[in-house]
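Subject: Handover of a structure and the findings from it

Dear colleague,

Please find the sequence and the structure below. I would ask you to keep them open while you read the notes that follow.

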Amino acid sequence: MGSPYDDEPTLVRALRHGDDHAFAFLLDTNDRLLHSVARRYVSTDAAAAEVVSETWLAVIEGIDRFEGRSTLRTWLVRILMNKARTRGVRDARSVPFASLAGPNNDDLGGFDPDQFTPATSRRYPEHWANTPTDWSTMPVERFEASLTMDAVRSAIATLPDTQRAVIVLRDLEGWSSGEICDALELTAGNERVLLHRARGVVRRALAGQIEEST
């Protein structure tokens with residue numbers, strides 16, 4: 001039997017009326033997500049916990065301003081990103097989330113521009129000219145190795161902010177393309193290009209890790 005709060009309008013109304021059970025439901029279903037995303041942008045688990053706590057406080061104080069133009073989950077992540085940016089600046093780890101849809105979209109993540117199709121391409125603008133090796137062609141044991149996962153995490157940490165946000169939400173958190181576009185205010189085309197580029201950086205890190213271990 002599902003929870004009555006599975007219906008988002010019902011959940012929002014309950015939150016606005018100060019229903020503790022509704023807030024507990026919202027926290028239980030989203031707290032892990034917020035911690036996971038926050039940890040990508042601050043330097044320690046303690047800092048991530050503080051960012052998440054600040055986010056939940058902002059939710060309590062601001063639920064009356066939630067207009068329902070996006071899902072609650074998207075709204076939560078937007079608040080978290082603003083808090084993470086503030087904390088990142090304070091910790092000398094500037095994270096310019098305000099420019100998520102700005103100039104960083106043109107960053108190729110360290111790749112030769114010739115590896116991508118021109119922006120004027122009619123079918124696939126700024127996509128891979130030659131698609132990198134599919135992750136599925138790599139042995140499963142390579143992915144399970146701790147050194148390989150360290151390489152993945154390190155590669156993600158080096159990405160420009162937009163690419164990092166897209167790959168974290170899509171590949172680590174399982175968000176749909178539409179949800180990511182909504183949360184980060186990206187076009188569908190931009191989201192696809194950023195995801196391709198981010199995955200390419202991770203693939204290259206994995207390839208390097210495999211070469212070192214063979």
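Before the findings, one term is needed: two residues are in contact, or touch, when they have heavy atoms within 4.5 Å of each other. Please note that this is a predicted model, in which local features need pLDDT of at least 70 and side-chain atom pairs count only at pLDDT 80 or more, while totals for chains, interfaces and linings use all residues. Residues are numbered from 1 along each chain as its sequence is written, and side-chain values use heavy atoms, with hydrogens and water left out.

Overall picture

The protein has nine helices and zero strands. Here helices (H or I, at least four residues) and strands (E, at least two) are DSSP runs, numbered from the N terminus. Read from the N terminus, the order of elements is α-α-α-α-α-α-α-α-α. Of the 214 residues, 41% are buried; buried means under 20% relative accessible area, exposed means over 50%, and partly exposed lies in between (1.4 Å probe, protein chains only). The accessible surface is about 11700 Å², and carbon and sulfur atoms hold 51% of that area. Such areas come from the Shrake-Rupley method with a 1.4 Å probe, and for residues only the protein chains shown count as cover. Among contacts with a separation of 6 or more, 63% join residues 24 or more positions apart.

The nonpolar core

A nonpolar core is a set of buried Ala, Val, Leu, Ile, Met, Phe, Trp, Tyr and Cys residues joined through side-chain atoms within 4.5 Å. In the largest one, which has 51 residues, the members that touch the most others are Leu11, Leu26, Leu72, Ile167 and Leu184. Two or more residues each are given to this core by H1 (8–16), H2 (20–39), H3 (45–62), H4 (72–90), H6 (146–158), H7 (161–172), H8 (177–184) and H9 (188–213). The largest share, eight residues, comes from H4. In soluble globular proteins, nonpolar side chains tend to be buried together.

Which residues does Leu11 touch, not counting residues up to four places away in sequence? They are Tyr5, Ala22, Phe25, Leu26 and Leu72.

Val52 lies in helix H3 and counts as buried because its relative accessibility is 2%. Leaving aside neighbours within four places in sequence, Val52 is in contact with Asp31, Leu34, His35, Ala38 and Leu80. Val52 and Ala84 are 32 residues apart in sequence, with their C-alpha atoms 8.7 Å apart.

Thr86 belongs to helix H4 and, at 46% relative accessibility, counts as partly exposed. Its C-alpha atom is separated by 9.1 Å from that of Val51, 35 residues apart along the chain. Thr74 is also found in helix H4, but Thr74 is buried, with a relative accessible area of 1%.

Leaving aside neighbours within four places in sequence, Thr74 is in contact with Trp175, Glu179, Asp182 and Ala183. Ala183 is in helix H8 and is buried, as its relative accessible area is 6%. With residues up to four places away in sequence not counted, Ala183 touches Thr74, Arg78 and Trp175. The buried residues in H8 include Ile180, Cys181, Ala183 and Leu184.

How do H7 and H8 pack? Their angle is about 145 degrees and their axes are 10 Å apart; axes are lines fitted to C-alpha atoms, for helices over the stretch in contact, and angles run from 0 to 180 degrees between N-to-C directions. The contact is made by Ala165, Val166, Leu169 and Arg170 of H7 together with Ser177, Ile180 and Leu184 of H8. These residues divide into five nonpolar, one polar and one charged. In this scheme Ala, Val, Leu, Ile, Met, Phe, Trp, Tyr, Cys and Pro count as nonpolar, Asp, Glu, Lys and Arg as charged, and the others, Gly among them, as polar.

H8 is followed by Glu185, which is placed in the loop between H8 and H9. Phi of Glu185 is near 55 degrees, a positive value in a residue other than glycine. Most residues other than glycine have a negative phi. Is Glu185 buried or exposed? Glu185 counts as exposed because its relative accessibility is 60%.

Yours sincerely
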